[in-house]
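Here are my notes on the structure shown below.

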Amino acid sequence: MSQTAPTSETIVEVIADIFERRGADAYLGEPVTVSEHMLQGAWLAEQEGAPEELVAAALLHDIGHFTSEFGTYSPDDVEDKHHDEAGGALLEPFFPPLIVECVRLHVAAKRYLCATDPTYFGKLSEASVHTLSLQGGPMNPEEVAEFRKNPFHDEAVRVRLWDEGGKVAGMKTKSFRDYVPLLERVVRAHNSAV
């Protein structure tokens, strides 16, 4: 792909190119690659009968690992790389707010769940526990209240649960190219509405 800025007509191919070039990167010390992880999230969303926008959010939730100005995550990191914000920034001009906010909030949703669900922390992988410490740890009561004010907080929690579930070596999923028509429909619908 060229280095020109993406447009609503090219954003899905830009993302496809990112998946094809970088998807085989190791994922945070997990037993899956980054693309396997993201595809598993989308697959889990589909298995629950989630609407297309949530499937897209689950698929794209970690796109910021590839686009963050701070680089990709390493298990040796001592600071957060803000991949949630980087992913939201990439998607915001082209995708509906629900998808953008789910991508932006999936880290906050982890912090929220750790604060509000006594069983959730025990479900985190070792890498997720490490990144939680870099991302601020479980939310305090004020942060919980603020998180709940976001109109998409429930959806972000759903994406987070699929995120945590998408770390299974050898899980069979669709390919990224199988999701291109879905992503194109979502982008087209959003851009025709604005």
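A crossing of two helices is called left-handed if the near helix is turned anticlockwise from the far one by less than a right angle, and right-handed if clockwise. The model is predicted: local features need pLDDT of at least 70, side-chain atom pairs count only at pLDDT 80 or more, and totals for chains, interfaces and linings use all residues. Numbering starts from 1 along each chain as its sequence is written, and side-chain values use heavy atoms, with hydrogens and water left out.

1. Helix α3 (residues 52-60) and helix α6 (residues 97-116) have axes that come within 9 Å and cross at roughly 35 degrees. Helices here are DSSP runs (H or I, at least four residues), numbered from the N terminus. The axes are lines fitted to C-alpha atoms over the stretch in contact, and angles run from 0 to 180 degrees between N-to-C directions. The crossing of α3 and α6 is right-handed.

2. On the α3 side, Glu53, Leu54, Ala56, Ala57 and Leu60 make the contact, and on the α6 side Leu98, Ile99, Cys102 and Val103; contact means heavy atoms within 4.5 Å. By class, the contact has eight nonpolar residues, no polar and one charged. In this scheme Ala, Val, Leu, Ile, Met, Phe, Trp, Tyr, Cys and Pro are nonpolar, Asp, Glu, Lys and Arg are charged, and the others, Gly among them, are polar.

3. Asp163 belongs to helix α9 (residues 153-165). With a relative accessible area of 2%, Asp163 is buried (buried is under 20%, exposed over 50%, partly exposed in between; 1.4 Å probe, protein chains only). Leaving out residues up to four places away in sequence, Asp163 touches Tyr27, His37, His61 and His106. With His37 there is a side-chain to side-chain polar contact at 3.0 Å. Such a contact is a pair of N or O atoms within 3.5 Å; within protein, one must be able to donate a hydrogen and the other to accept it, and residues adjacent in sequence count only if both atoms are side-chain atoms.

4. Asp154 is also placed in α9, but Asp154 counts as exposed, at 51% relative accessibility.

5. There are two aromatic pairs in the structure. In the pair of Phe19 and Phe176, the ring centres are 4.2 Å apart and the planes lie at 25 degrees, so this pair is stacked. Rings of Phe, Tyr and Trp (its six-membered ring) pair if their centres lie within 6.5 Å; planes under 30 degrees apart are stacked, over 60 edge-to-face and the rest tilted. Phe19 sits in helix α1 (residues 11-22) and Phe176 in helix α10 (residues 176-193), 157 residues apart. Phe19 is buried at 6% relative accessible area, and Phe176 is buried at 7%.

How values were computed: Helix = DSSP H or I, 4+ residues; strand = E, 2+ residues; numbered from the N terminus.
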